[in-house]
Amino acid sequence: MIHELLLALSGYPGTIFTWNKRTGLQVSQDLPFLHPSETSVLNRLCKLGSDYIRFTEFIEQHTGHVHPQEHHTNQPNQTGLHGIYLRAFCTGLDSMLQPYRQALLDLEQEFQLLFPSVMVVVETIKSQKIHGCQILETVYKHSCGGLPPVRMALEKILAVCHGVMYKQLAAWMLHGLLLDQSEEFFVKQGPSAGGAGANQEEEEEDLGLGGLSGKQLRELQDLRLIEEENMLAPSLQQFSLRTEMLPSYIPIRVAEKILFVGESVQMFENHNHSPSRAGSILKHQEDLFAAELHRLKQQPLFSLVDFENMIDRIRSTVAEHLWTLMVEESDLLEQLKIIKDFYLLGRGELYQVFIDLAQQMLKTPPTAVTEHDVNVAFQQAAHKVLLDDDNLLPLLHLTVDYQGKDSKDASGPRDGATPPQDTSPREVPPTGWAALGLTYKVQWPLHILFTPAVLEKYNVVFRYLLSVRRVQSQLQHCWALQMQRKHLKSSQTDAVKWRLRNHMAFLIDNLQYYLQVDVLESQFSQLLQQINSTRDFESIRLAHDHFLSNLLAQSFILLKPVFHCLNEILELCLNFCSLVSQTVAALDERGTAQLDILVKGFRRQSSLLFKILSSVRNHQINSDLAQLLLRLDYNKYYTQAGGTLGRFGRQC
């Protein structure tokens, strides 16, 4: 009888102790010599045997007998449990069962509480199809109970599972290899699938000539940001975190450091064409770090302090090496100056000459030859301002998108069009200016900072600043025409026309000064200061991202009401300059009517801009709006005029 019981508890039922798939191991009911109390005690022991048999079935099912191809992640109809973490769990589970096999006589004392608790973990993994590093989280949560035998057993299982994680970490952080065929690790290839997909496209309200409605006013008070993917989304990453796989006891900050190290090592291994100059990104400490990872793997209990300290040492080594490579060897500060000079119009004299040369060719819709002509004009402008850098100019190229052009030739997506016109990618742009862009060939390893997505954000700012500069130039040209005609007899219409030009120039000049001085120069000096105060590449990347975000925000590109209003004002200014330039003599009746429309439109848009700026002058997060208002209303002229830039005569 005792022999039969030991065999049954070892997983070999017989005639006395029978096995049923549904009810498990039970004492046979055909034994008249057993007292009911004895049957009850034996059935209690049989419950442990049932758990043991199910444990062994689970282990056999997921180890040894499973073919590798059954774990391939590309099979869409796969629903079973699989993966190396599951195998590690089974290995740990099997090692946990070893004392049971060696001490069946102590079942009631040692395993009466342990087996049901561990069975909960197994059933949870089976029922919820828990996969990969999620198994670490499940085992960890159940190991936090107050029963010492259960805690010790699950910690033993967890230590085995951690061995797999440390092997993946070593491959990723020391060699840039993502060994994760079954998608079980918390680092994955490709961008993260964040919640940015919730694209809320509201019906656009007309903020143009119709004045300000109640709904529009509420929108202005909300100051909602434009959610353009090409401006707000993070740069497209080759690797990202799979946060649902990250155990809760490993903080996100640690996982991001792991991601950064692996990405950097992988980039360096794949693109290091001059090892004699760059050397090892880990400074030839791979063996030392591998030994530290192995030491942590041997620890029976996971220590977050030791784990994060080790990750920090690797991250610091990589970050400092990248800083040296970027700042000292690749002259990052000089590259930033180039970005500022060309994308942010730091070389104002160059773009002033370029605007004059390209004005006529870009006034009409672009054609297949427009891009070539524009680059010829750009080279001519550079020559005129004595910018003949043979190493720099070949890296810069102006692009012009037009209908039918191969998208591979474009510098990037053209979503979120900039002033003065919004164009759909499939429409013919109304002018060449609306389709203009700038590309810059970034040299290795600066491409990890100036990614295509980052350069496209710079392009957004570039097109916006160029449109403001072009409008300012056109208004100055109108002033030159006014000076040429000042000896002629002027009419009341002429007075209205030149007053309108003065008011437009006042607004645009202040906007231009605000953008170049209050925003660009201020933010750029802060960026340089932050770069010079650190030897950590991640700090540089964070400072640069902050700099670019501030440019987009403080130049109002991300702020729908202000951006739309300024867009309308720029368009009105261009229409006015076109009217003045085309009409040498006094305005006829049609011209006077057009002027009247422009006067009323500019008055309404300037009033709308003043209302927006005034509504947030005391709002701390919109101090940039208040700064522009301070420039426009420095002598209270705006306020005294009721928020309108002057009076234009009785025609208004």
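Helices (H or I, at least four residues) and strands (E, at least two) are DSSP runs, numbered from the N terminus. This is a predicted model, in which local features need pLDDT of at least 70 and side-chain atom pairs count only at pLDDT 80 or more, while totals for chains, interfaces and linings use all residues. Residues are numbered from 1 along each chain as its sequence is written, and side-chain values use heavy atoms, with hydrogens and water left out.

**The chain as a whole**

The protein chain contains 23 helices and six strands. Of its 652 residues, 50% are buried, where buried means under 20% relative accessible area, exposed over 50%, and partly exposed in between (1.4 Å probe, protein chains only). Taking contacts (heavy atoms within 4.5 Å) between residues at least 6 apart in sequence, 77% join residues at least 24 apart.

| Helix | Residues |
|---|---|
| α13 | 304-329 |
| α18 | 492-532 |
| α21 | 589-615 |

Helix α13 has 26 residues and reaches 36 Å from its first C-alpha to its last, close to the 38 Å expected at 1.5 Å a residue; the expected span is 1.5 Å times one less than the number of residues. Asp331, which follows α13, has a positive phi near 55 degrees.

Helix α21 holds Gln605. This residue counts as buried because its relative accessibility is 0%.

**A strand pair**

Strands β5 (residues 396-400) and β6 run antiparallel and are joined by five bridges; two strands pair if DSSP finds at least two bridges between them. His397 has Thr439 in β6 as its bridge partner. Strand β6 (residues 436-440) is mostly covered, with four of its five residues buried.

**The cavity**

On a 1 Å grid over the protein atoms alone, a cavity is a set of points where a 1.4 Å probe fits but cannot get out; lining residues have an atom within 4 Å of a point. Grid points are joined across faces, edges and corners, and a volume is the space filled by probe spheres set on the points. The count is one cavity of 30 Å³ or more. The largest cavity has a volume of about 40 Å³. Lys340, Leu344, Gly346, Gln516, Leu520 and Glu521 line the largest cavity. Helix α18 supplies the largest share of this lining, three residues.

Note on methods
On a 1 Å grid over the protein atoms alone, a cavity is a set of points where a 1.4 Å probe fits but cannot get out, and a pocket is an open set with protein on both sides within 12 Å along at least five of seven lines; lining residues have an atom within 4 Å of a point.
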